[in-house]
Amino acid sequence: MRRSRPISLLKAVVVLLGKDLLIEWRTRARLNALIFFSLATLLLFSFAVGPDTKLLARNAGGYLWLALLFASVLALGESFRVEQENLTLDGLRMAPADARAIFLSKALGNTVLLVGLGALLIPVMIALYGVKVTLGAGPMLGILALGCMAVAAPGTVYSAIANNARARDVLLPLMLFPLIIPALLAAAKATTLVLQGDPMNQLGSWSGLLIGFNLIYWGLGFVLFPRVIED
Amino acid sequence: MSGLMNAVLQYGSAAAALVVVGLGIRLGRKWAPVDSQMDARPMLVGMSVAALVLLAVGGWLGLVWSPQDREMGDVYRIIYVHVPAMWMAMLTLVLNFACCVSYLLKANWKTDALAEASAEVGLLFGGFGLVLGAIWGRPTWGVYWDWDPRLTAMAIMLVTYTAYMALRRFVEDPDKRAVWSSVVGIISFANLPIVWFSVKWWRSLHQVQSTPKTVDPEMALSLRVNAWAFLILLTLFLLHRYRIALATREAEVALPDALPPDAPASRDGNSTEVA
Amino acid sequence: MEASPAAPPALALHDVSKRYGRYWALARLSYTLPQGRSLLLTGHNGSGKTTLLRLVATAHSPTHGQVEVQGRDTVKERDAVRREVALLSHASFLYEDLTAWQNLMVLARLLGLPSPEDASGELLTKVGLGRRSSSPVRQFSAGMRKRLAIARLLMKAPSLALLDEPFGELDPAGIQDMERIIGELKDSGVTVVLATHLIEQGLSLCEERLHLQEGRAVAA
């Protein structure tokens, strides 16, 4: 008889993340729709603000993050919807997979997705709004990763909750948006500094805020998530 | 006003408020449960009278007795209601957080009911305070909304707790609702300091615009009396809302006709462990 | 596995109640299933069979009372119980967008099996899906899903197998296969708890019977 043995948290995260990315890849039509949705959002800001190119360039960082935020609601909402068909989340819990590993894998998967999306949006933003990345690609990607992680951690917890509630499509952004205002603020500010230069050395404090936000919410999610999905 | 009068008002209002809070806790335990036989009418009337008297005294102190502000004239007087309302909102959110943590540690319908009551009453006081803040902003800054860090942080907080209440409405299973809303309550509370610092930072990098919050010693008495009056009001609101929440929970988790005749007595919320 | 007198019962329910929202799906259910016996659960739709199986499988915790599997509490020792039980339910726990092979591989890796590939391949052949292993589950018929779900159950190598309507959605050949698989499970010492409307099949497979009505045990 085959005997199973417990696997480490890290290994479980790797298995689950691999599974999620595989599903994401196999349903990439949906992924493409998400990409075009966020590109369309980015384009819409130019029309909403008008043809003032200076204004657009100045606000480019904010627009990038708003586009990412709107896309993230769709991506996050989907991350537990795929587990709802055939009750696969129950299947994972009973496998058994550590609920904390499920949290980490989902949050990491969402981070990967959002960072990928951001990496596609940034060149478009540069072209569309006529900005240049003054501080270079390194800081830009660092801020992108930190900001996406900051959205993904609380977003994963709230997505798991909203997924089982009524009106889940409204509930997720309603709960998530006010929560991640500090992260949005910091990410947009930091991005603007990366784009326009940082003469007063403020980038450090905004990235510090992002790092602190991440530490708190990844920690809280890690501790609280098992209570959300276990009954 | 004589120093004696001053002391009487200061300590009298504090004593009255603390007595009412004590009574409120007692009534919450004895009278709020649905099967309670207690006749709380005399105490409730007494508490309401205390609230009205203190509010009247506070109103008189704030509107008549307190001196005009040197810079803002009479406009500043709104702080006598605005500031206490905001304090009460903070207080209820701390209470909500305590309930959320407590529920996750040990499931109990009473904690869940108190969490619901505190969030809703907190929203009421916070919303009231926010509107007053905006009204005050108009003559002070010329606009209703100046993105003042305090008010902005408060507005974000109100939206956060509105979402918390929305979640409570949108989840039908009482056990799940209690656990999930506790998780959301804890996360929302953890967010408050982050919001506060980030908003302050965000504003300070643009322009220095601080609210004149330095209160003259003469004005302190009026503010204190009003704050104690608001605390009594808060206690009453919480008590009634808690009673309603308990009754709702009771109806949800142990509707008698939903149970077969000799089904378990599940009215005792303590025995309901949510693992 | 021989039932020794000292061994705890395979399954013990102590005054178990479960409430979903306002509805009591199980009410004060007590029952003990000795080692080496298999249990047939009967009852109408909505009588609590599925709820009971989900409680034993640790998908839910009981609202009141305790459930014990091999002497272990399903709430306090949840992870240990999860390694003992496996559930075949209406919901297949299968990812529609993954292939049959990938579905089994995910579980095999989560279980920490020494050779996930071998285990998956072997089981796919065993349930007769060897040739469809690289088709996504979305293209499967209901009967094929059932077969894959039973492969998933077998992969866990449980000591207590919970089968909720295993014969549903199967063609006659499938029912025969399922009976054979259940027989093999029993022969290898696995305790089987079977919920089904097909009482004939059930009685031929199980020694014990528990009839549920509105969430409580009644004489059949």
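# Notebook: helices, a sheet and a contact

**Entry 1: helix H5 of chain C.** I began with what surrounds this helix. The buried residues of H5(C) pack against strand E6 (85-88), helix H3 (100-110), helix H4 (116-126), strand E7 (160-164) and helix H6 (172-187) of chain C. I kept in mind that this is a predicted model.

How many of the 14 residues of H5(C) are buried? I found 11, so the helix is largely enclosed by the rest of the structure. Among the buried residues are Met144(C), Leu148(C), Ile150(C) and Leu153(C). I also noted Lys146(C), Arg147(C) and Arg152(C) on that list of buried residues.

Next I checked the length of H5(C), which covers residues 142-155. At 1.5 Å a residue, its 14 residues should span 20 Å. Its end C-alpha atoms are 20 Å apart, which agrees. After H5(C) comes Ala157(C), and I noted that its phi is positive, near 45°.

**Entry 2: confidence.** Chain C has an average pLDDT of 90, and 97% of its residues score at least 70. Where in chain C is confidence lowest, and where is it highest? It is lowest in strand E10 (residues 216-218), at a mean of 85, and highest in H3(C), at 96. For the model I wrote down an ipTM of 0.92 and a pTM of 0.91.

**Entry 3: a sheet in chain C.** I traced an open sheet of four strands, in the order E2-E1-E4-E5, with antiparallel pairing. Which strands are at the edges? They are strand E2 (23-33) and strand E5 (72-73), each of which pairs on one side only. I then followed strand E1 (residues 11-20) to strand E4 (residues 64-69): five bridges join them, and the two run antiparallel.

**Entry 4: chain A as a whole.** I counted nine helices and zero strands in chain A. Along its principal axes, the C-alpha trace spans about 70 × 35 × 30 Å. I noted that 51% of the 231 residues count as buried. I also looked at contacts in chain A between residues at least 6 apart in sequence: 84% of these join residues at least 24 apart.

**Entry 5: where chain A touches chain C.** The contact takes 25 residues from chain A and 29 residues from chain C. On the chain A side, helix H1 (9-26) and helix H4 (88-94) each supply at least two residues. Which element gives the most to that side? I found that H1(A) does, with six residues. By class, the chain A side has 12 nonpolar, five polar and eight charged residues.

**Entry 6: one residue in chain B.** I finished with Thr235(B), which lies in helix H7 (residues 217-253) of chain B. Is Thr235(B) buried or exposed? I found 24 C-beta neighbours inside 10 Å, so Thr235(B) counts as buried; the cut-off is 20 or more. Leaving aside neighbours within four places in sequence, Thr235(B) is in contact with Val20(B), Val21(B) and Gly24(B). I also noted Ile25(B), which is 210 residues from Thr235(B) along the chain, while their C-alpha atoms are separated by 8.5 Å.

Technical notes: Residues numbered from 1 in each chain as written. Chains lettered and ligands numbered in written order. Predicted model: local features only at pLDDT ≥ 70, side-chain atom pairs only at ≥ 80, totals over all residues. Buried ≥ 20, exposed ≤ 12 C-beta atoms within 10 Å, placed from the backbone. Contact = placed C-beta atoms within 7 Å. Expected span 1.5 Å × (residues − 1). pLDDT = per-residue confidence, 0-100. Nonpolar A, V, L, I, M, F, W, Y, C, P; charged D, E, K, R; others polar. Pairing = 2+ DSSP bridges.
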